[in-house]
Amino acid sequence: MRVAVVRLGTDERVARIDGGSPKMLPFRTVPEALASAGSISGLESIEGADVPMHLALDFAPLLPMSARVFCIGHNYRGHIEEMGREIPDRPTVFSKFGTSLLGSNDDLCLSSASTMWDWEIELAVVLGAGAPAIEQPRDAGRAIAGFAVSNDVTARDLQRQSSQWFLAKSFDAVTPLGPFLVTTDEVGDGSGLELTCTVDGEVMQRGSTSDLVFSPAELVFYLSRHTRLIPGDVILTGTPSGVGAGRSPEVYLDAGQTLHSEITGLGSCSNRCVEAS
């Protein structure tokens, strides 16, 4: 099953994609839908309304501005190597505001506060069930509703100014998330998925989730030991090698360019970079 959030005029609604045909559900957000249905599988039994045939789907961010976004750094072996770091023995965790999220085809707003905007394609994990202190790593996968495409676009100059990465990651409208939440019955546990990031058609990153140091289930288990996870939480699991900061000379995004992020089986985000107003 695939779940999306689509815009209908000024309204937003959760949609269930049944065999390519979208059904509009009576919910405005994915967390609201999960809470009402009790689980991601519960959405299958909720009757939905057909989208009028003349309307093209306009995807909103998969999760609302109130979403809790957990981010993982240094989680692909290739990226760790290109940045000259050591393989960590536990996940590197930081967070960002949900206001940084944007839809899969929305404009990506580059603030003039940075001149070093870098791409970081990431597999996003969406929680479908609460996860208070999971006892065994093997049980963590049950809390995962599914996966989505994201790109943790980062202001590298701000990131380098501090040991804390929050500000460099939390600008408004810099983090594509979508277009779908694809459930685990379609893509399994998220292993072996190919990630590709291009800028104006040029491949910048190509990697596989088989290169992850900590798997999605391991990350859910680790985070649950430190904080109560709730339905609708999202975990950005890290990025493979090929970031702009890892190149010589370094390369960064400019207004007018198109950032394309694609993961096997999950779809893609294609976002035009614009100067933030």
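Before moving on, a word on conventions. This is a predicted model, in which local features need pLDDT of at least 70 and side-chain atom pairs count only at pLDDT 80 or more, while totals for chains, interfaces and linings use all residues. Residues are numbered from 1 along each chain as its sequence is written, and side-chain values use heavy atoms, with hydrogens and water left out.

**Stop 1: helix α1**

Select residues 30–37, which make up helix α1 (helices are DSSP runs of H or I with at least four residues, strands are runs of E with at least two, numbered from the N terminus). V30, A33 and L34 are its buried residues (buried means under 20% relative accessible area, exposed over 50%, partly exposed in between, with a 1.4 Å probe and protein chains only). They lie on the same side of α1, because they cover an arc of only 95° around the axis, taken from the directions from the helix axis to the C-beta atoms. Turn to the other side of α1 and you will find A35 and S36 exposed. Now show β1, β2, β11 and β14: the buried residues of α1 pack against these strands. At the start of the helix, a side-chain oxygen of T29 comes to within 3.1 Å of the backbone nitrogen of E32.

**Stop 2: aromatic pairs**

The whole structure holds four aromatic pairs (rings of Phe, Tyr and Trp, the last by its six-membered ring, with centres within 6.5 Å; planes under 30 degrees apart are stacked, over 60 edge-to-face, the rest tilted). Select F59 and F180: their ring centres are 5.4 Å apart and their planes at 80°, so this pair is edge-to-face. F59 sits in strand β5 and F180 in strand β14, 121 residues apart. Next, select F94 and W165, another edge-to-face pair, with 5.1 Å centre to centre and 70° between the planes. F94 belongs to strand β7, and W165 to the loop between α3 and α4. Both F94 and W165 are buried.

**Stop 3: H74**

H74 lies in the loop between β6 and α2. With a relative accessible area of 15%, H74 is buried.

**Stop 4: the largest nonpolar core**

The largest nonpolar core has 55 residues, and W117, V220 and I235 are among those with the most contacts inside it (a core is a set of buried Ala, Val, Leu, Ile, Met, Phe, Trp, Tyr and Cys residues joined through side-chain atoms within 4.5 Å). Strand β11 gives the most to this core, with four residues.

**Stop 5: salt bridges**

Finally, select E120 and R156, whose salt bridge has its closest N and O atoms 2.6 Å apart (a side-chain nitrogen of Lys or Arg within 4 Å of a carboxyl oxygen of Asp or Glu). Both E120 and R156 are buried.

Technical notes:
Contact = heavy atoms within 4.5 Å. Polar contact = N/O pair within 3.5 Å; in protein donor to acceptor, adjacent residues only side chain to side chain.
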